[in-house]
Amino acid sequence: MTKIPENLKYTKTHEWVRADGDIAVVGITDHAQHELSDIVYVELPALGRKVKAGEPCAVVESHKTAADIYSPVSGEIIEVNAGLQQNLGLINSDPYGEAWLFKVKLSDPAELNNLLSPADYAKLIGN
Amino acid sequence: MSNSHSENGTAQRQVVLKRTPLYEVHCSYGARIIEFAGWQMPVQYSSIQEEHLAVRSSAGLFDISHMGQLNVSGDGAAEFLNYLLTNDINKLAVGDAQYSLMCNERGGVIDDLYVYRIEPKKFLIIVNASRAKADLRHFFQQLNKHPAGKKTTIEFIAENAGAVAVQGALVPTFINFALDGVAAGGACVKKPDELKRNQIAYFVANNKKYWVARTGYTGEDGFEVFAKGADIVKVWKSINEVGAEYSLRPAGLGARDTLRLEACYPLYGNELDENTTPIEAGLGYFLCFEKDFIGAEPLKRQKLEGVRKKSIAFKMLEKSPVPRHNCAIFNENNDAIGIVTSGTHSPMLNVGIGLGYVSPQWSAIGTKLKIDIRGKQFWAEIVKKPFYKNPNLIK
């Protein structure tokens, strides 16, 4: 059974979001890391980059596939998890914790309401 | 997240996919199934990384039942095969095997394959799954043309056959316990572990019979077992059970690809195709010019005049996305000089590696390259083949 923490919101494209005041922390879901299998490369967005909700801004790659990661929200990239490059296995082993990918300073906090609830995400992936 | 290139065989496909006799076994072991050359095959059971490292450190078990199997026999068989294939079949005593290539009249590769002399006038040939149809067409066309063809019989036996590969440093330690039976043909050995590399023998047990060859596609020691479809499941289960004590893991096509790439073995469709010669692919060693074979003339000419492209192995010099088939290759002056034919992340070296073709003047070891991966360029370097060599592998 794939993990879908109750305190997070989700996207149709398998990202998770943790709202921290006006900061959104973003990563990929357990379902996503399982589909990809062993991650061998990650490309994170540049600091200061402005992103729009739904815009591809990162890449996660496994032996067989390269997958675009879409920003769930609009705003500015204020932090990326640079340490991940040295420890890519965390994306597989701790996708909701240590393996967050980037943080966005929200330009429109109302967008959080457009995201999927844990129950909606569970339905999406047929859990 | 999206998949920019994924490899599912979905239910919408009209094509009926084939399954090997081991399909249910794969499913019961939790394998992820993908489509390969019209077959439903396991790409991984746990993870490509884990399965790859298992083969390098202990043992892995692969289903290779999808590969084409032919028997070519008769008084004319050796002469006929020596005309179709590039390597010298007369080097093979009964029980010997060799890697060989089959070329078209331009010297381009129709397929690369393994030939096993199982009886004085009978050969087992293992061909790529993706080329079985093309190979058979060629074989039968030539059978009608060549005089030795009248005394040669070709039988495609893959329909009712299966095969597995068990590869890894620890395999010789347990293979005799996994494959029982009395030796009854091929090389003069009593037990499988007595086979030398590139030898094959026939074993008969009370509930199964099979050919065992000390060959493989991983760069490790190991064996390949060819049996009737009904027996191959018993063979797989026996190897898996005995091997478990030695940390053997079932391994899928994902690991098969990363392993052969570390060993710099070509994959038909990537490094080899009908417009690429064995010389360009760096396989000149397997051409015997002392005999006439299809493609010999243009290949002799190419040996004299030089090649248009040269096979190279490269290693990424920086952390980069995975280099993949069809990525463009540039030199340090930004000239386009070639193309990547296969690429992956190497589990042993923990860096991107690949094979490709470049203009001969840029093919020296140590040459710095730039690989274009999804629009960005990353530095790489041409290295000596293979990327990985097991120091203990007895040749």
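Predicted model: local features only at pLDDT ≥ 70, side-chain atom pairs only at ≥ 80, totals over all residues.
1. As for handedness, α2(B) passes α7(B) in a right-handed crossing. On the α2(B) side, the contact uses B:Ile48, B:Glu51, B:His52, B:Val55 and B:Arg56. Facing them from α7(B) are B:Gly254, B:Ala255, B:Thr258, B:Leu259 and B:Glu262. Sorted by class, the residues of this contact are four nonpolar, three polar and three charged.

2. Next, please look at helix α5 (residues 171-178) of chain B and helix α6 (residues 229-244) of chain B. Their axes come within 9 Å and cross at roughly 130°. The helices α5(B) and α6(B) are therefore oblique to each other, and their crossing is right-handed. From α5(B), the residues in the contact are B:Phe174, B:Phe177 and B:Ala178. They meet B:Ser238, B:Ile239, B:Val242 and B:Gly243 of α6(B). Here the contact of α5(B) with α6(B) divides into five nonpolar, two polar and no charged residues.

3. One further helix pair in chain B joins α3 (residues 77-84) and α4 (residues 132-145). These helices pack at an angle of about 120°, with 11 Å between their axes. With that angle, α3(B) is oblique to α4(B). You will see α3(B) pass α4(B) in a right-handed crossing. To find the contact, look for B:Phe80, B:Leu81, B:Tyr83 and B:Leu84 in α3(B), which meet B:His138, B:Phe139, B:Gln142 and B:Leu143 in α4(B). The contact of α3(B) with α4(B) has six nonpolar and two polar residues, and no charged ones.

4. Two backbone details in chain B are worth a visit. The peptide bond joining B:Lys385 and B:Pro386 is cis, with omega about -5°. B:Pro386 sits in the segment after β22 (376-383) of chain B. The other detail is B:Asn198, which has a positive phi of about 70° although it is not a glycine. You can find B:Asn198 in the loop between β12 (182-186) and β13 (200-204) of chain B.

5. Now for the meeting of the two chains. How many residues does each chain bring to the contact? Chain B gives 27 residues and chain A gives 25 residues. The size of an interface is often given as the accessible area lost when the parts come together. Between chain B and chain A, the buried area is about 2100 Å², and carbon and sulfur atoms give 49% of that area. On the chain B side, the residues that lose the most area to chain A are B:Met1, B:Arg32 and B:Lys319, which together make up 34% of what that side buries.

6. Three salt bridges are found across the interface of chain B and chain A. A salt bridge to look up by name is that of B:Arg374 and A:Glu61, whose side chains meet at 3.5 Å, N to O.

7. Finally, a word on salt bridges in the whole model. Over all chains, the count comes to 21 salt bridges. Within chain A, A:Glu79 forms a salt bridge with A:Lys103, and the closest N and O atoms are 3.4 Å apart. This pair links distant parts of the chain, since A:Glu79 lies in strand β8 (residues 75-80) of chain A and A:Lys103 in strand β9 (residues 102-106) of chain A, 24 residues apart.

Definitions and conventions: Residues numbered from 1 in each chain as written. Chains lettered and ligands numbered in written order. Heavy atoms only, no water. Axes fitted to C-alpha atoms, helices over the stretch in contact; angles between N-to-C directions. Helix = DSSP H or I, 4+ residues; strand = E, 2+ residues; numbered from the N terminus. Parallel < 35°, antiparallel > 145°, perpendicular 65-115°, else oblique. Left-handed = near helix turned anticlockwise from the far one by under 90°. Contact = heavy atoms within 4.5 Å. Nonpolar A, V, L, I, M, F, W, Y, C, P; charged D, E, K, R; others polar. Buried area = accessible area lost by both parts, 1.4 Å probe. Salt bridge = Lys/Arg side-chain N within 4 Å of Asp/Glu carboxyl O.
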